[in-house]
Amino acid sequence: MVKKNNAICISTVRKNSKSVKNKNLLFLKGKPLYMHNIDYALKSKQISNVFITTDLKIKKKTLLDKGFHYINRPRKLRGDNASHWLAIKHVVDIALNKNFDFDIIVVILGNSFGAFTSDLDKGIKKLKNNKNLDSVISVGKYNMYNPIRAYKSKKNMLTNFFDTKIIKRKIKNQKMINQKDAFNNIFFFNGSFWIIRKKVFLKNNGLPPFTYLGNNIGYILQDSKYMEIDAEWQKKLFY
């Protein structure tokens, strides 16, 4: 029986990873990393159905006990260069073909654990209550990584990542040019969740790099310690 609600959740989990070996399967507090966000989503009263798109083998008993849907990800969507959008859309198409009723897509990642039920519910309600928003995403505030402080290598030497003229033009007060908050607060997507209107996701023509989030993006600010695991050093923060 298909529950009627306008939000479904999709967990994207790949078996193999190179940045951190099998990062989605790292054990944290007695269960695989990817299962934390799924459990949070299952507790949400705003989400009717939870899907996982993966090449992992998951026991039928686990699927039945927890109550989420398993989607076997096609081989063409499993590689390092596979489109995340296409992997999500594959699930969306299946859900639509099976007549699931939804207007909102919640995406949770397998290499993070910060998609708390309360934040998911808050984000979904924020999207529902603001017609001008295309999506709502989780972010952390990382002013210490202000992009005007970034460098790139050029001929084995460092130069400004952004054009120097752009930096000087943007910073009116030259005394502030080297301050971490010279551009005000700096927010990064932290890997916990995206909450997107279905029609916006399908158009896929918004702001880069995540064009499927649309142009008008709201946010839920989380503690900066919640982030997706993509480097070995991050494991030391959680184990």
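**Backbone and exposure**

User: How does Asn204 count: buried, partly exposed or exposed?

Analyst: Bear in mind that this is a predicted model. Buried would take under 20% relative accessible area, and exposed over 50%. Asn204 has 24%, so the class is partly exposed.

User: What is the phi of Asn204, and where does the residue sit?

Analyst: Most residues other than glycine have a negative phi. Asn204 isn't a glycine, yet its phi is positive, at about 55°. As for the place, Asn204 is in the loop between α6 and β11.

User: Which peptide bond is cis, and which loop holds Pro209?

Analyst: Most peptide bonds are trans. Here the bond from Pro208 to Pro209 is cis, with omega near 5°. Pro209 lies in the loop between α6 and β11.

User: Is Lys155 buried or exposed?

Analyst: Lys155 is in the loop between β8 and β9 (157-160), and it has a positive phi near 55° without being a glycine. The cut-off for exposed is over 50% relative accessible area. Lys155 has 74%, so it counts as exposed.

**Salt bridges**

User: How many salt bridges turn up in the whole structure?

Analyst: Side chains of opposite charge can pair when their charged atoms come close. Searching the whole structure for such pairs gives a total of five.

User: How far apart are the closest N and O atoms of Lys31 and Asp39?

Analyst: These two are part of a salt-bridge network that links Lys31, Asp39 and Lys66. Lys31 is partly exposed at 24% relative accessibility, while Asp39 counts as buried at 11%. Between Lys31 and Asp39, the closest N and O atoms are 2.6 Å apart.

User: Which residue forms a salt bridge with Asp93?

Analyst: The closest N and O atoms of the pair are 2.9 Å apart. Asp93 is partly exposed at 28% relative accessibility. Its partner is Lys89.

**Helix α4**

User: What is the N to O distance in the salt bridge of Asp119 and Lys122?

Analyst: Asp119 and Lys122 sit three residues apart in helix α4 (residues 117-129), so about one helical turn separates them. Asp119 is buried at 11% relative accessibility, whereas Lys122 is partly exposed at 46%. Their side chains meet in a salt bridge with an N to O distance of 3.9 Å.

User: What end-to-end span does α4 have, going by its C-alpha atoms?

Analyst: The helix has 13 residues, and at 1.5 Å a residue it should span 18 Å. The model agrees with that expectation, because its end C-alpha atoms are apart by 18 Å.

User: How much accessible area does the nonpolar patch with Met144 have?

Analyst: Met144 is found in the loop between β7 (135-141) and β8 (151-154). Residues need over 30% relative accessible area to join a patch, and Met144 has 45%, which makes it partly exposed. Met144, Tyr145 and Phe188 form the nonpolar surface patch, and their accessible area together is about 340 Å².

Terms used. Residues are numbered from 1 along each chain as its sequence is written. This is a predicted model: local features need pLDDT of at least 70, side-chain atom pairs count only at pLDDT 80 or more; totals for chains, interfaces and linings use all residues. Side-chain values use heavy atoms; hydrogens and water are left out. Patches are made of residues with over 30% relative accessible area and no salt bridge: like charges are joined within 9 Å, nonpolar side chains (Val, Leu, Ile, Met, Phe, Trp, Tyr) within 5 Å. Accessible areas come from the Shrake-Rupley method with a 1.4 Å probe; for residues, only the protein chains shown count as cover. A salt bridge is a side-chain nitrogen of Lys or Arg within 4 Å of a carboxyl oxygen of Asp or Glu. Helices (H or I, at least four residues) and strands (E, at least two) are DSSP runs, numbered from the N terminus. Buried means under 20% relative accessible area, exposed over 50%, partly exposed in between (1.4 Å probe, protein chains only). The expected span of a helix is 1.5 Å times one less than its number of residues.
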